Amino acid sequence: MRIDLHTHSTASDGTDTPAELVRNAAAAGLDVVALTDHDGVGGHAEAIAALPAGLTLVTGAELSCRLPGPDGFSVHMLAYLFDPLEPELARERDLVRDDRVPRARAMVTKLNELGVPVTWERVAQIAGEGAVGRPHVATAMVELGVVPSVSDAFTSEWLAGDGRAFVEKHELDPFDAIRLVKAAGGVTVLAHPFALKRGHCVSESAIAELASAGLDGIEVDHMDHDAPTRARLRGLAADLSLLTTGSSDYHGSRKTCSLGEFTTDPEIYGEITRRATGAFPVPGAGG
Ligand code: AMP
Ligand code: ZN
Ligand code: FE
Ligand code: FE
């Protein structure tokens, strides 16, 4: 069984439509794929409708969170198999997603002040129906020749957390996110906790507090973690009785990772599905 529990489609900042994503997942030899677009579930229906035989879809989302306190920074919470209609979680998810629009517009304004002629119209066009974010702004910058690639826009010169054109967005308290997802029958896994190149990494004590608050697992095998980091995370997970996952964080052509580049142990996948009560994995027709 090959299981990839973290992917993005055009419903957020990936470049595959949800239908293309599930077809590509089957072609990549995956048995299970989770669709975890940022702050939204808008891609689920299309992914389910297009699901090839033999591939199972795990519905999910990656919730943008901010650790509480004056030094709080962004963390990403993967949420799986929650009830997408549960109203409290849906409302909070929509607040985060909706705030991305004025925030992206503010980043465009900052770029204009820095002499970069990106337009909101073009960024909105690139984002389409997706939850608009920095990768869309970065794509517009690549088109203008300001930076050679999307990842080159994630520097202090431009869009990184300490970047000149960076603007914060509304984010959930991760403790609230855990509670909300659980109340909606879902399971939570902290995404890429030690991804240092994103600026900060979560402290071990913060992970312990999240674990006490009901966090189910942490993402260990991820492109942003090197081998020693993964070993440290595995040790921490063992100490805190957390599940460990591995996933690609696939974004289509907007990032270099490929579907199935990292995968999750079938036993852990089984445990995630046993804990979830908000939704069931969806088997592809005949699968
Ligand atoms: P946002 O949610 O708008 O703040 O944008 C965050 C997204 O940008 C993440 O989900 C990643 O997909 C992407 N991202 C973050 N850092 C990088 C990077 N160094 N290179 C490319 N994409 C990045
Ligand atoms: Zn993303
Ligand atoms: Fe993330
Ligand atoms: Fe992601």
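Predicted model: local features only at pLDDT ≥ 70, side-chain atom pairs only at ≥ 80, totals over all residues.
Residues are numbered from 1 along each chain as its sequence is written, chains are lettered from A and ligands numbered from 1 in the order in which they are written, and side-chain values use heavy atoms, with hydrogens and water left out.

View 1. H6 covers residues 174–183 (helices, H or I, are DSSP runs of at least four residues and strands, E, of at least two, numbered from the N terminus). After the helix comes Gly185, with a positive phi near 80°. Pro174, Ala177, Ile178, Leu180 and Val181 are the buried residues here (buried means under 20% relative accessible area, by a 1.4 Å probe with protein chains only). Their cover includes strands S3 (56–66), S4 (74–80) and S5 (187–190), plus H3 and helix H7 (204–212) (contact means heavy atoms within 4.5 Å).

View 2. Seven of the ten H5 residues are buried, so the helix is largely enclosed by the rest of the structure. Those buried residues are Pro135, His136, Val137, Ala138, Thr139, Ala140 and Met141. H3 and helix H4 (120–127) are among the elements covering them. Gly145 follows H5, and its phi is positive too, near 75°.

**View 3. Ligand 1 and its shell.** There are 13 residues around ligand 1, and His38, Arg100, Arg103, Arg134 and His251 come nearest (near means a heavy atom within 4 Å). Arg100 places a side-chain N or O atom 2.9 Å from a ligand oxygen. For Arg103, a polar side-chain atom lies 2.8 Å from an oxygen of ligand 1, and His251 likewise has one at 2.8 Å. On its own the ligand exposes 500 Å², and the protein buries 92% of that (Shrake-Rupley areas, 1.4 Å probe). Helices H3 (87–113) and H5 (134–143) each give two or more residues to this shell.

**View 4. The annotated stretch, residues 3–67.** An unreviewed UniProt entry lists these residues as "domain: Polymerase/histidinol phosphatase N-terminal"; such annotations may be inferred rather than shown by experiment. The stretch is 25% helix and 26% strand, with its end C-alpha atoms 29 Å apart.

How values were computed
Polar contact = N/O pair within 3.5 Å; in protein donor to acceptor, adjacent residues only side chain to side chain. Buried < 20%, exposed > 50% of the residue type's maximum accessible area, 1.4 Å probe, protein only.
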